[in-house]
Amino acid sequence: MGRSIVVTSGKGGVGKTTLTANLGYGLSLEGKKVVLVDTDIGLRNLDVILGLENRVVYDVVNVAEGTCELQQALVKDKRLGSSLFLLPAAQTRRKEDISNDQLKQIVTALKGAFDYVILDCPAGIEHGFNNAVNSADEAVVVVTPEVSSVRDADRVIGLLESAGVNDISLVVNRIKPEMVSSGEMMSVEDVLDILAVRLLGVIPEDRQVIVSTNKGEPIILNEKSLATSAIKAIVNRLEGREVPIPTFGKRGFWARLSDAITGRRKQ
């Protein structure tokens with residue numbers, strides 16, 4: 001059976017869907033057979049980032065309702081072919097139109113045919129979140145170094161643990177080393193102090209990500225991008241390889257402020 005991994009965040013706009021697409025590409029380039037499942041019913045976006053929006057005929061709700069077979073709904077990637085597929089979300093339906101058990105059955109079937117089933121989780125912690133989380137064996141929580149994002153991620157980690165997902169790792173996205181150095185942004189260590197989960201990777205801020213997303217081309221295909229090497233390192237760690245993680249700066253402003261308020265000093 002393959003691995004089912006939910007990519008989640010709690011807060012929207014942290015780069016979760018972009019990371020999902022690029023993890024799929026990275027793992028496929030490593031020779032793995034991967035399917036990406038968009039669970040954001042009503043707000044489909046993963047197909048656009050992959051440049052597959054014109055190829056979607058059926059969706060995950062059609063599969064759940066029996067309108068089509070699972071194989072019919074899978075969209076083959078136009079660049080990588082049979083090593084990467086997308087199971088799109090329904091754009092004109094409600095999150096309640098697919099149940100927990102239905103999605104879980106679909107994911108179980110996909111695990112029998114793929115090495116990785118990566119679920120792009122909707123923002124928030126409502127029905128769609130619960131469906132995606134309860135269908136996964138592992139979770140990658142995406143966070144940006146902002147107080148609101150970290151607070152939401154802390155809540156999500158607690159919900160994941162309550163749902164029985166204990167294999168949880170963290171990706172810190174859009175870090176700006178110069179802001180960390182000047183004390184204007186939380187450092188990676190600051191984030192880890194609060195969230196206390198395994199760090200899977202750190203991705204620096206890179207304008208090329210926006211350009212690639214708008215073109216429907218995953219950033220991992222751009223060898224000149226700062227984010228590409230970081231994402232490739234995350235893929236290697238998912239595969240069990242030991243790759244050093246740059247933290248882009250020491251303990252930042254937030255940790256020093258906390259120390260000053262509480263009188264705490266870390267060794």
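**Surface and model**

I started with the surface: the protein chain exposes about 12200 Å², and carbon and sulfur atoms supply 47% of it. Accessible areas here come from the Shrake-Rupley method with a 1.4 Å probe, and for residues only the protein chains shown count as cover.

I noted that this is a predicted model, where local features need pLDDT of at least 70 and side-chain atom pairs count only at pLDDT 80 or more, while totals for chains, interfaces and linings use all residues. Residues are numbered from 1 along each chain as its sequence is written, and side-chain values use heavy atoms, with hydrogens and water left out.

**Overall build**

I looked up the secondary structure next and found twelve helices and eight strands in the protein chain. Helices (H or I, at least four residues) and strands (E, at least two) are DSSP runs, numbered from the N terminus.

How does the radius of gyration of the protein chain agree with that of a compact globule? With 267 residues, a compact globule would be near 18 Å, and the protein chain has 18 Å, which agrees. The radius is taken over C-alpha atoms, and the globule rule is 2.2 Å times the number of residues to the power 0.38. I also wrote down the box that the C-alpha atoms fill, roughly 60 × 40 × 30 Å along the principal axes.

Of the 267 residues, 52% count as buried. Buried means under 20% relative accessible area, exposed means over 50%, and partly exposed lies in between (1.4 Å probe, protein chains only).

I then checked contacts, meaning heavy atoms within 4.5 Å. Among contacts between residues at least 6 apart in sequence, 75% join residues at least 24 apart.

For charges, I found 32 positive and 34 negative side chains, with the centres of the two sets 3 Å apart. Lys and Arg count as positive and Asp and Glu as negative, while His and the chain ends are not counted. The place of a charge is taken as NZ of Lys, CZ of Arg, CG of Asp or CD of Glu.

**Nonpolar cores**

A nonpolar core is a set of buried Ala, Val, Leu, Ile, Met, Phe, Trp, Tyr and Cys residues joined through side-chain atoms within 4.5 Å. In soluble globular proteins, nonpolar side chains tend to be buried together.

Which of the 51 residues in the largest nonpolar core touch the most other members? They are Leu87, Ile106, Leu110 and Leu195. Helix H7 (residues 147–162) gives the largest share of this core, five residues. Apart from it lies another core, of 33 residues, among them Leu36, Val142, Ile220 and Ala230.

I listed Ile220 as buried because its relative accessible area is 2%. Leaving aside neighbours within four places in sequence, Ile220 is in contact with Asn22, Tyr25, Gly26, Thr228, Ile231 and Lys232.

Thr18 lies in helix H1 (residues 16–29), and Thr213 is in helix H10 (residues 208–215). Is each one buried or partly exposed? Thr18 counts as buried at 18% relative accessibility, whereas Thr213 counts as partly exposed at 23%.

Not counting residues up to four places away in sequence, Thr18 touches Ile49, Val209 and Thr213, and Thr213 touches Thr18 and Ile49. I also saw that the C-alpha atoms of Thr213 and Val48 are separated by 8.1 Å, although the two are 165 residues apart along the chain.

**Positive phi**

Most residues other than glycine have a negative phi. I found that Arg174, not a glycine, has a positive phi of about 60°. Arg174 is in strand S7 (residues 167–175) and counts as partly exposed at 34% relative accessibility.

Ala196 is not a glycine either, and has a positive phi of about 55°. I located Ala196 in the loop between helix H9 (188–195) and strand S8 (198–204), and at 65% relative accessibility Ala196 counts as exposed.

**Last stop: Ile125**

Where does Ile125 lie? I found Ile125 in the loop between strand S5 (116–120) and helix H6 (127–134), partly exposed at 32% relative accessibility. Leaving aside neighbours within four places in sequence, Ile125 is in contact with Asn130, Arg155, Val156 and Leu159. The C-alpha atoms of Ile125 and Leu159, 34 residues apart along the chain, are separated by 8.6 Å.
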